[in-house]
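My entries follow the display.

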Amino acid sequence: MAVSASASLSKAVKQYMQLPQGDKVQAMYIWVDGTGEGLRCKTRTLNFEPKSVEELPEWNFDGSSTSQSEGSNSDMYLIPAAMFRDPFRRDPNKLVLCEVEKYNRKPTETNLRVRCKQVMAMVKDQLPWFGMEQEYTILGMDGHPFGWPSNGFPGPQGPYYCGVGSDKAYGRDIVEAHYRACLYAGVNICGTNAEVMPAQWEFQVGTCEGIEMGDHLWVARFILHRVCEDFGVIASFDPKPIPGNWNGAGCHTNFSTKEMREDGGLKYIEDSIEKLGKRHDYHICAYDPKGGLDNVRRLTGHHETSNINEFSAGVANRGASIRIPRTVGQEKKGYFEDRRPSANCDPYAVTEVLIRTCLLGEEGDEPVDY
């Protein structure tokens, strides 16, 4: 397999990580770059261990190198937004997820957290809960799926989903390392499994309330990239990494409110689905970072997807836009699953538009400016 040079270098550095660091703390600041899906990071030393995100200082970076500004006015602000334990450097060191602001203190175009947080605050009394199922594909440095024959394809799909064994599960060491690192960091990861295409996996994050959904999923993605760096491979969130008769990768989003979870909640679920059906195109544009162009390759109506041009809903139907789990149909309360978001979606965008349509009752192709 084509692995990166860091796969061997990372083993040599471990001895240095055992050295004492005195009363200093390393804080790794993480942010979303100008692509809307790439992550960047850099580290600073603190003279104390922060106990809350409010204690963390603002910082800056060169936005002209991340597609977020011009070189003539390139300083961007990093605003700490959420803090986690660092599973790579370990306690007392921190991972710090940041918002990005321009020189004029306005959020960058890919800083979708600001607007999402505003919308979540408007409906906090309805206790919106989210769970997102993040699919991804492990690739070698040559872009070929990990474990696939170098000059061909593995056997057809069928035995790989939730599979076990060397001929069915490709890259489990990476999955286990990521899972444990997320638990250590404090990410609300709730499960993982091998997916339908070999070398494709899924982890689930949730239940998270409001803005925390986006925070926890972005940090879980960062941790996955960082783990793959140690193993010398790539984690791809491309929604259709291999063309042809292979499953794509999504980020199915489960959503509920206090009313949906209580007795008789199925009525509120059905009301929300009706609203979603009237705003299908608006949601498709928000469900991948290229305004729907990435999902065109994935949402074909095949491989457990709905057609991107049609809206549908059904109980236990994985070929529908919206799936109502069978237990929810039986108990008449619970949640629904939106199967349209792509693997490389911005979770802030996805959760925001669900709130706008289902709870704020917005209509049309543009968001309301509050």
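I took buried to mean under 20% relative accessible area, exposed over 50%, and partly exposed in between, with a 1.4 Å probe and protein chains only. I note that this is a predicted model, in which local features need pLDDT of at least 70, side-chain atom pairs count only at pLDDT 80 or more, and totals for chains, interfaces and linings use all residues. Residues are numbered from 1 along each chain as its sequence is written, and side-chain values use heavy atoms, with hydrogens and water left out.

Entry 1, cysteines. I looked for disulfides, defined as a pair of cysteine sulfur atoms within 2.5 Å, and the structure holds zero. Cys228 is in no disulfide, and its nearest cysteine sulfur, that of Cys182, is 11 Å away. Cys228 has a relative accessible area of 1% and is buried. For Cys251, also in no disulfide, the nearest cysteine sulfur belongs to Cys345, 4.1 Å away. Cys251 is buried at 0% relative accessibility.

I used DSSP runs for helices (H or I, at least four residues) and strands (E, at least two), numbered from the N terminus. H10 covers residues 347-358, twelve residues in number, and reaches 16 Å from its first C-alpha to its last, close to the 16 Å expected; the expected span is 1.5 Å times one less than the number of residues. How many of the twelve residues of H10 are buried? I found twelve of the twelve buried, so H10 is largely enclosed by the rest of the structure. Among them are Glu352 and Arg356. At the N-terminal end, Asp346 caps H10 through a side-chain oxygen 2.8 Å from the backbone nitrogen of Tyr348.

I counted two strands as paired if DSSP finds at least two bridges between them. An open sheet of five strands shows mixed pairing in the order S2-S1-S5-S4-S3. Its edge strands are S2 and S3 (59-62), each pairing on one side only. Strand S1 (residues 25-32) has seven of its eight residues buried, so S1 is largely enclosed by the rest of the structure. S1 pairs with S2 (residues 39-46) in the antiparallel sense over eight bridges, and Val25 stands opposite Leu46 in S2. Six residues lie between the strands of this hairpin, where Gly36 takes a positive phi near 85°. S1 and S5 (residues 94-101) run parallel and are joined by four bridges, with Tyr29 opposite Val96 in S5.

Note on methods
A polar contact is a pair of N or O atoms within 3.5 Å; within protein, one must be able to donate a hydrogen and the other to accept it, and residues adjacent in sequence count only if both atoms are side-chain atoms.
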